[in-house]
Amino acid sequence: MGRPAIPAEAFEHGDPRRYRRGCRCKRCTDGVTIAVRRQRYLRATGRGATVSPQRAARHIERLRSLGMSDKEIQAESGVCQNVFYRITGQRSEIRRDSETRILAVKPRQVDTPRSGTHLPGRGTILRLRALAADGWPAAYLGERCGKHKQFIVHLQNSDPDTAVVRRWVAGYVAALSDQLAGQSPEDHGVAAHIAARIRKTAASKCWVGTAYWDPDDYDNPAFTPAIEDTTPRRQVIAENAHWLMRIDNLDRATAAQRLGVHKSYVDHALREHPESELAA
């Protein structure tokens, strides 16, 4: 089921979005007329209705560095969640009015202390992977963190040895991990088939659950959790990599990214276990 439609009353009179939702008062009619004329003028002068997302993305990063949450920025700008994360991901051009609304949000220091200092991302990434191995969907984790699910997925698939995160991101992920460790997603309203699918996907990437981890070991680069399966990890990676390359027609680099490891690790695993191609 999709999100409920935003009612006309959510916007001020004179806003074209209110007109598009059925309000035909004079202010809304005038507002949409002005917007249409402006778009025609921009096209006539060689300026389209869409622009690069780079300037808006830089402004969002500045607002985040001051401690503003994504939800606060979305609320103040009136930009919906999907458009907001399309801007931050810089995946495609955006409407000029979306850029204008983002740039209109004034930078300010919020009361909640959120340090802009960067930390190694290892602990944050492994905590999120462990929660996925327990069956927690990225959408649920994102909602608890006040982030979009794609932000959680991006972190989970980042390289733990090279990625960095902001200190406050590391803080709220660590707090969430402490709260959910050892709990069952099904007891918190997550559908059993969804939790099972998340666990299966995590297992295919050799991610292990929170039960395997001591809280202090997430951030320790020398620690590798003991896995009950007696199959060597490199052999599992080699078999999964062969499977992805053969069935999904992926190259080694993409297969390594899908498995959550570095390409050099996949290269090493395939050299050690060439026979895994037959098993796959």
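This is a predicted model: local features need pLDDT of at least 70, side-chain atom pairs count only at pLDDT 80 or more; totals for chains, interfaces and linings use all residues.
Guide: The expected span of a helix is 1.5 Å times one less than its number of residues.

Visitor: What span should the 14 residues of helix 10 have, and how far apart are its end C-alpha atoms?

Guide: At 1.5 Å a residue, helix 10 should span 20 Å. Its end C-alpha atoms are 20 Å apart, so the two values agree.

Visitor: Which residues of helix 10 are buried?

Guide: Trp168, Val169, Ala170, Tyr172, Val173, Leu176, Ser177 and Leu180 are. An α-helix has 3.6 residues a turn, so residues three or four places apart point the same way.

Visitor: What covers the buried residues of helix 10?

Guide: The cover includes helix 3 (54–65), strand 3 (118–120), helix 7, helix 8, helix 9 and strand 4 (164–166).

Visitor: What follows helix 10?

Guide: Gly182 does, with a positive phi near 80°.

Visitor: Where else should I look at phi?

Guide: Start with the general idea. Most residues other than glycine have a negative phi. Now the case here: Cys206 has a positive phi, near 65°, and is not a glycine. Cys206 sits in the loop between helix 11 (192–204) and helix 12 (233–247). Cys206 is buried, at 15% relative accessible area.

Visitor: Now the cores. Which residues have the most contacts inside the largest nonpolar core?

Guide: In soluble globular proteins, nonpolar side chains tend to be buried together. Here the largest nonpolar core has 20 residues. Leu141, Val169, Tyr172 and Leu180 have the most contacts inside it. Helix 7 (122–133), helix 8 (138–145), helix 9 (149–156) and helix 10 (167–180) each give two or more residues to this core. Helix 10 gives the most, with seven residues.

Visitor: Which residues does Leu180 touch, not counting residues up to four places away in sequence?

Guide: Leu180 touches Leu131, Trp136, Tyr140, Leu141 and Arg144.

Visitor: How many disulfides does the count come to?

Guide: A disulfide is a covalent bond between the sulfur atoms of two cysteines. The cut-off for the two sulfurs is 2.5 Å. By that rule the count is zero.

Visitor: On to charges. How many salt bridges does a search of the whole structure find?

Guide: Side chains of opposite charge can pair when their charged atoms come close. The search finds 11 salt bridges. Take Lys26 and Asp30 as one case. Their side chains meet at 2.8 Å, N to O. They are four residues apart in helix 2 (residues 26–44), so about one helical turn separates them. Lys26 is exposed, at 63% relative accessible area, while Asp30 is partly exposed, at 34%.

Visitor: Which pair links strand 4 and helix 3?

Guide: Arg166 and Glu61 form a salt bridge at 2.4 Å, N to O. Arg166 is in strand 4 and Glu61 in helix 3, 105 residues apart. Arg166 is buried, with a relative accessible area of 13%. Glu61 counts as partly exposed, at 34%.

Visitor: What does Asp219 form a salt bridge with?

Guide: Its partner is Arg127, with the closest N and O atoms 3.3 Å apart. Asp219 lies in the loop between helix 11 and helix 12, and Arg127 in helix 7, so the pair ties together parts 92 residues apart in sequence. Asp219 is partly exposed, at 44%. Arg127 is buried, at 10%. Elsewhere, salt bridges that share partners join Arg95, Asp97 and Arg101 into one network.

Visitor: Last stop, the segment before helix 1. Which side chain does the side chain of Asp15 contact?

Guide: Asp15 lies in that segment, before helix 1 (16–20). Its side chain makes a polar contact with the side chain of Arg17, at 2.8 Å. Asp15 is buried, with a relative accessible area of 18%. Gly14 is also in the segment before helix 1. Gly14 is partly exposed, at 25%. Gly14 touches Arg27, Cys28 and Gly31, not counting residues up to four places away in sequence. Gly14 and Val32 are 18 residues apart in sequence, and 7.4 Å apart from C-alpha to C-alpha.

Conventions:
Residues are numbered from 1 along each chain as its sequence is written. Side-chain values use heavy atoms; hydrogens and water are left out. Buried means under 20% relative accessible area, exposed over 50%, partly exposed in between (1.4 Å probe, protein chains only). A polar contact is a pair of N or O atoms within 3.5 Å; within protein, one must be able to donate a hydrogen and the other to accept it, and residues adjacent in sequence count only if both atoms are side-chain atoms. A nonpolar core is a set of buried Ala, Val, Leu, Ile, Met, Phe, Trp, Tyr and Cys residues joined through side-chain atoms within 4.5 Å. Contact means heavy atoms within 4.5 Å. A salt bridge is a side-chain nitrogen of Lys or Arg within 4 Å of a carboxyl oxygen of Asp or Glu.
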